[in-house]
Amino acid sequence: MSRSDDLRFRAATAFQRRVANPLMRRLPFHTLLETTGRVSGLPRRTPLGGRRVGDSFWLVSEFGERSQYVRNIKADPRVRVRIRGRWHTGTAHLLPDDDPVARLRALPRFNSAGVRAFGTSLLTVRVDLD
């Protein structure tokens with residue numbers, strides 16, 4: 001990872017942890033991904049964008065395998081997703097062979113713009129809902 005990518009990662013994650021995530025988690029209809037902390041075992045909720053297509057929920061991680069929720073998924077793929085205020089359980093799958101840029105075109109534009117602007121290593125994630 002280049003120095004500029006590392007600086008972008010650090011700036012974006014600091015902003016998300018201190019400002020964006022605490023605010024977005026409180027909004028009742030914002031989409032949340034709940035993973036199990038790989039060390040603590042506690043639930044970890046991350047606001048994100050994505051889209052439900054049939055029995056799957058699709059999203060693109062802006063920092064790929066550096067994202068904490070992706071690391072949690074690798075340790076335990078059982079997750080919950082809050083979509084339009086309703087919780088759904090499912091199993092997350094990391095799809096490194098999927099084209100994340102093409103996938104972003106099918107996802108909500110607001111989130112996709114943020115992922116493109118700040119992302120350094122995009123990774124597609126599919127959650128198969130129960």
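Colleague: Which residues are buried in α2?

Modeller: In this predicted model, helices (H or I, at least four residues) and strands (E, at least two) are DSSP runs, numbered from the N terminus. Buried stands for under 20% relative accessible area, exposed for over 50% and partly exposed for what lies in between, with a 1.4 Å probe and protein chains only. By that rule, the buried residues in α2 are Tyr-69, Val-70, Asn-72 and Ile-73.

Colleague: Which exposed residues does the face of α2 turned away from its buried side carry?

Modeller: An α-helix has 3.6 residues a turn, so residues three or four places apart point the same way. Whereas the buried residues of α2 pack against β1, β2, β4, β5, β6 and β7, the face turned away from them carries the exposed residues Lys-74 and Ala-75.

Colleague: How is the model read, and what is the order of the strands in the open sheet?

Modeller: Residues are numbered from 1 along each chain as its sequence is written. As the model is predicted, local features need pLDDT of at least 70 and side-chain atom pairs count only at pLDDT 80 or more, while totals for chains, interfaces and linings use all residues; side-chain values use heavy atoms, leaving out hydrogens and water. Two strands pair if DSSP finds at least two bridges between them, and the open sheet of 7 strands, with antiparallel pairing, has the order β2-β1-β5-β6-β7-β4-β3.

Colleague: Which strands stand at the edges?

Modeller: A strand with a single partner is left without a neighbour in the sheet on one side, and this is so for each of the two edge strands, β2 (43-47) and β3 (51-53).

From strand to strand, the twist averages 35 degrees, but the names asked for are β2 and β3.

Colleague: What is the bridge partner of Trp-58 in β7?

Modeller: Strand β4 (residues 56-61) and strand β7 (residues 123-129) run antiparallel and are joined by 6 bridges. Within β7, Trp-58 has as its bridge partner Arg-126.

Colleague: How many residues lie between β1 and β2 in their hairpin?

Modeller: β1 and β2 pair in the antiparallel sense over 5 bridges, with Thr-35 standing opposite Arg-44 in β2. In the turn of the hairpin, Gly-41 has a positive phi of about 80 degrees, and the residues between the two strands number 6.

Colleague: What is the relative accessible area of Val-125?

Modeller: Val-125 lies in strand β7. Leaving aside neighbours within four places in sequence, Val-125 is in contact (heavy atoms within 4.5 Å) with Phe-57, Trp-58, Leu-59, Ile-73, Ala-92, His-93 and Leu-94. Val-125 counts as buried because its relative accessible area is 0%.

Colleague: How many residues apart in sequence are the parts that Arg-78 and Asp-130 tie together?

Modeller: A salt bridge is a side-chain nitrogen of Lys or Arg within 4 Å of a carboxyl oxygen of Asp or Glu, and the side chains of Arg-78 and Asp-130 meet in one at 2.7 Å, N to O. Arg-78 lies in strand β5 and Asp-130 in the segment after β7, so the parts they tie together are apart in sequence by 52 residues.

Colleague: Which residue forms a salt bridge with Lys-74?

Modeller: Lys-74 is exposed, with a relative accessible area of 51%. Its closest N atom is 2.8 Å from an O atom of the partner, which counts as partly exposed at 44% relative accessibility. That partner is Glu-65.

Technical notes
Axes are lines fitted to C-alpha atoms, for helices over the stretch in contact, and angles run from 0 to 180 degrees between N-to-C directions.
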